Amino acid sequence: MPTVVVMDVSLSMTRPVSVEGSEEYQRKHLAVHGLTMLFEHMATNYKLEFTALVVFSSLWELMVPFTRDYNTLQEALSNMDDYDKTCLESALLGVCNIVQQEWGAAIPCQVVLVTDGCLGIGRGSLRHSLATHNQRSESNRFPLPFPFPSKLYVMCMANLEELQSTDSLDCLERLIDLNNGEGQIFTIDGPLCLKNVQSMFGKLIDLAYTPFHAVLKCGHLTSDVQVFPRPEPFIIDEEIDPIPKAINTDLEIVGFVDIADISSPPVLSRHLVLPIALNREGDEVGPGITDDTEDENSANQIAGKIPNFCVLLHGSLKVEGMVAVVQLGPEWYGMLYSQADSKKKSNLMMSLFEPGPEPLPWLGKMAQLGPISDAKENPYGDDDNKSPFPLQPKNKRSYAQNVTVWIKPSGLQTDVQKILRNARKLPEKTQTFYKELNRLRKAALAFGFLDLLKGVADMLERECTLLPDTAHPDAAFQLTHAAQQLKVASTGASEYAAYDHNVAPLQTDFPSTGTERM
Amino acid sequence: MKIFSESHKTVFVVDHCPYMAESCRQHVEFDMLVKNRTQGIIPLAPISKSLWTCSVESSMEYCRIMYDIFPFKKLLMAALAAVGPPNPRADPECCSILHGLVAAVEALCKITEYQHEARTMLMENAERVGNRGRIICITNAKSDSHVRMLEDCVQETIHEHNKLAANSDHLMQIQKCELVLIHTYPVGEDSLVSDRPKKELSPVLTSEVHSVRAGRHLATKLNVLVQQHFDLASTTITNIPMKEEQHANTSANYDVELLHHKEAHVDFLKSGDNHVGGNSREGTFKETVTLKWCTPRTNSVELHYCTGAYRISPVDVNSRPSSCLTNFLLNGRSVLLEQPRKSGSKVISHMLSSHGGEIFLHVLSSSRSILEDPPSISEGCGGRVTDYRITDFGEFMRENRLTPFLEPRYKIDGSLEIPLERAKEQLEKHTRYWPMIISQTTIFNMQAVVPLASVIVKEAMTDEDVLNCQKTIYNLVDMERKNDPLPISTVGTRGKGPKRDEQYRIMWNELETLVRAHINNSDKHQRVLECLVACRSKPPEEEERKKRGRKREEKEDKSEKSGKDYEQDKPWQESERLKGLLDREKEELAEAEVIKDSPDSPEPPNKKPLITMDEMPVVEKAKGPMSLLSLWSNRINTANSRKHQEFIGRLNSVNNKAELYQHLKEENGMETTENGKTGRQ
């Protein structure tokens, strides 16, 4: 989940804060202090997160495009100037554009808005934006809710009392509501000082930037892993019991499936599975997580030399072209596979399927998947030349069977032509002729299209008169018989008109490949 | 879409009154004459469908599309086929559409299987399961007031039936009903009924009126409605290369329009990306997104990052381009689709693929990945280890592949067996002893152990399996007697490896660990262990004694320490460590073919050094299965040895050779070194 930090650099952010000691602090400094703490945390514990920095006043500017280089972000914090008034709407619109340009509309993003709770005056102020919210057309719609899945975290360089003394808090709450409730407002507890800012950002880190640790298990083979980005709880869109589901911290492999069988399944999200070495304090040594200090380098090297199940699993999945099916929770599954970033680099990846008992129709119900050793004979064949997948659906879809649709005249014409073509090749094509005839007859009866039956009967009679001298005598008999049967059906009178009745070929005594002619 | 929305139940009510037998007044040519046979023949007169035929086939088309895209959880009532066409001479009163509408309401009150399931699951919260439905009524109304009469009828019927349902366990009250009234009339006539958008008639009932000409206009209308009712969208695949029927060696490009859930277009909708689609055909309401057929095709072993997969239904199912495309896909091939862009950059956004006779439109992620440039797995934990048993684990994965068990199976106690739980149990068994790297194991590098290792992990063994295990053990005993070399890894060791007898002890120990991990599976597993314990080289006491003897000659403290570890019969990891620490003899790796995964192993040298020869006789004596004689004499010897004090020389001997006049050396040493701490040479 990429992060956009949106920093308020309006004049109000330069308001001084009374802090004990000689140095004079502005709110801006508190904000920088908090963000520094956030960036430091990410640089050590959440290194793969892409972060961008936007500053805004009445205008907005992308100071740092999405990067994993936290030094650059840190430097940018110290190079911020002070500008005029707060104009939140245009800044949020800017965030919309930046995120969509970089990631499209499908990737969830976290927006960290840092402001002092002074929401501007006049046009472009949040109050003005909210007041005019209902009078907007599609062309100038308010940027919230963001067009991508998002969380909006508002970090206020003010305490609750201050915000409540004006309508600022209400406005900010409206803002979260407009984002479909996705987000949260943080305020400083107690007096404005470095310590309290730290504890406010600490809460944000706990909420949104703690790495997700789990244990990957395959029977007795296990590995401690970090899953990045953090899998977010999923809410099933259903009217019965919409409870958010979170994934287990035990990721249990239940079996394996060939890539060709799992066949590019739809997934909710993708995550890197990075093996980590946990020591007793719970600190970790792993990729993308540690600083480049020498001590930790050597710790890394030691960890690199201890056999790890993830590496073994990754290697075999890659070589065999398989995926591991992993259980994430009750009725929730995913898959592990090797993902190559380039020719040299590849990684163990985990994709989450949609929660439910049957996420992929072609695998069937997940609970019904069992070990091949329980089957009477190996469903993959002795030479690995077949597969039990994909599962066939109970009923064929319309395009997989020979359905009759006559809405366009061409559909009807094709079906009539087929009968005619076979009629001219009687008696060799007797079987196909009657098959097509019966199909047409059934459809005509079902649609109540009796005129067609009469029409086709007339046509067959005409064909009979047009038969060449060389024609087999059986042809004439069959055509006459078929025409008569269709006529009977079109009157709807006798038992031969019933829908379930099938027209059978006329029994004749001619030798099938008759050379004798009468 | 919520499961129990209005779309959960749809009832079609098609008017069967005499007027519906009226012609729709659109002619269909059905007698298409083929070239070169046309001379002198006048084609038969075109025919035309009745209003009834048009209504039925349009309804069927609605159902066809819906069933293609939602095979589950959406139900329809359509028992049209057996009804037959209306009789124009019948009494209009007795086949009034009102009966049909009443029957439709009745049907909506009935609990569906899905609703029943959901209610049973929720128990006391059963009332949370909704009951909504839709009635699509195709009729020929006389006037707007006739339409109102029909609406009132439905309204009243719902009211009455809800009262009934309130007191019944088998019926549910209708919470919401959507009435879609379609007035249809022959082409060329004026409509007596006006269109009306959706209007709420009561909290329970909404109604809308569509006035449509019959024939293809009606079909188009129902096509639009099915899209609205089921949140569908349209995609047109363009540039499909297709062989010409007449000229097999040329190909032309065709377009095929597909319907699917509109979620498949979510990226376009959200980003307001209008450069794709906007292609309107057959009226202004129809929007379709155009995607281009993309070559080269993708192969099935590629795993695409796919964010959604939606069932499709071709709009024109029987047309040649449609059936060519669907047959191509049903034969198991997949097609990538790209967005046509002016800039010329190629963005692949979708893929068409069939799975078991069903075609899905896959949405592929085309945006930048947030996981780009991750640290390679070789840079992380365990990344520096190079001798993972990759091939063996591949074999393990293939043995632990999954397969569907559609028939319910039961355990011995009669409870339902969940196949997935069986799969987990099997993984548990197969991993009880599974060293991850080649240098951690001896037995898994030996072809000779395979027959035992492959069956011992089984839940239950046959007598034949047991026999095979025993044969394997005898075979190993035989190898030991012949003093065959073992594939003990030299990774991370310096100098000499462990001696041959030591190697065999490591091997036997490892094998015992493997077998012991499974003895609780069954009695037969127990029998394998008994056989192994009886056959393996030496009883522990004797080993102990031999060890003590050897300790003196070992110069390195390390090996002494690990030797102790070994004797204490520590878990297998400990004995692995022993192997890692002991120096090894390279020549012991002679039989390279038994090492499966290590092409880097050193070449076996041609000559064996003499040192090993010295030990041969001693080793030989102790190897192999115990004979009764040796058991007996061991016992006697042990008993006898307690009765007298052993000669110091023999106690301190190495390979039964005692060094004489040791004290002289010690005295000499005293002269040269103050503390007298000299070892033997």
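Reply: Chain A brings 135 residues to the contact and chain B brings 120 residues. Please keep in mind that this is a predicted model. Between them, chain A and chain B bury about 11200 Å², and 63% of that lies on carbon and sulfur atoms. There is a polar side to the contact too: 46 residue pairs are in polar contact between the chains, counting pairs with both residues at pLDDT 80 or more. On the side of chain A that touches chain B, the element that gives the most is helix α10 of chain A (residues 309-320), with eleven residues.

Charged side chains also meet across the contact, where the count is eight salt bridges between chain A and chain B. One to look for is A:D374 with B:R422, whose closest N and O atoms are 2.7 Å apart.

Now find helix α9 of chain B, which covers residues 419-430. This helix lies across four strands of chain A, namely β9 (212-218), β13 (250-258), β17 (322-329) and β18, and it runs at about 100 degrees to β13(A). One residue of helix α9 of chain B is B:Q426. Is B:Q426 buried or exposed? Its relative accessibility is 9%, so B:Q426 counts as buried, the cut-off for buried being under 20%. Leaving aside residues up to four places away in sequence, B:Q426 touches A:P371 and A:S373 from chain A, along with B:E399 and B:N400 from chain B.

In chain A, seven strands form a closed barrel in the order β9-β10-β14-β19-β18-β17-β13, with mixed pairing. From one strand to the next, the twist averages 40 degrees. Here is a general point that helps: strands of a sheet pair through backbone hydrogen bonds, either parallel or antiparallel. For a pair to trace by eye, take β18 (residues 332-340) and β19 (residues 346-352) of chain A, which are antiparallel and share seven bridges. Within this pair, A:L336 has A:M350 in β19(A) as its bridge partner.

Chain A also holds an open sheet of six strands, ordered β5-β4-β1-β6-β7-β8, again with mixed pairing. Its edge strands are β5 and β8 (183-188) of chain A, each of which pairs on one side only. In this sheet the twist averages 15 degrees from one strand to the next. Helix α2 of chain A (residues 70-78) packs on the sheet, where it touches β4 and β5, and its direction makes about 15 degrees with that of β4(A). Helix α3 of chain A (residues 88-103) packs on the sheet as well, touching β1, β4, β5 and β6, at about 30 degrees to the direction of β5(A).

Strand β4 of chain A (residues 51-56) deserves a moment of your time. Six of its six residues are buried. A:T51, A:L53 and A:V55 point one way from the strand, while A:A52, A:V54 and A:F56 point the other way. On one partner, β1 (residues 3-8) of chain A, β4(A) is joined by six bridges and the two run parallel; there A:V4 stands opposite A:A52. With β5 (residues 60-67) of chain A, β4(A) runs antiparallel and is joined by five bridges, and A:V55 has A:E61 as its bridge partner. A hairpin of three residues connects β4(A) to β5(A).

Finally, let's return to chain B, whose secondary structure comes to 20 helices and 18 strands. Of its 681 residues, 48% count as buried. Salt bridges turn up inside this chain too, including B:R134 with B:E178 at 3.0 Å, N to O. B:R134 sits in strand β5 (residues 132-139) of chain B and B:E178 in strand β6 (residues 176-185) of chain B, so this pair ties together parts that are 44 residues apart in sequence. Both B:R134 and B:E178 are buried. Another such pair is B:R311 with B:E358, at 2.5 Å, N to O. Here strand β12 (residues 306-314) holds B:R311 and strand β15 (residues 358-364) holds B:E358, both in chain B, so parts 47 residues apart in sequence are tied together.

How values were computed. Residues numbered from 1 in each chain as written. Chains lettered and ligands numbered in written order. Predicted model: local features only at pLDDT ≥ 70, side-chain atom pairs only at ≥ 80, totals over all residues. Heavy atoms only, no water. Pairing = 2+ DSSP bridges. Axes fitted to C-alpha atoms, helices over the stretch in contact; angles between N-to-C directions. Contact = heavy atoms within 4.5 Å. Buried < 20%, exposed > 50% of the residue type's maximum accessible area, 1.4 Å probe, protein only. Buried area = accessible area lost by both parts, 1.4 Å probe. Salt bridge = Lys/Arg side-chain N within 4 Å of Asp/Glu carboxyl O. Polar contact = N/O pair within 3.5 Å; in protein donor to acceptor, adjacent residues only side chain to side chain.
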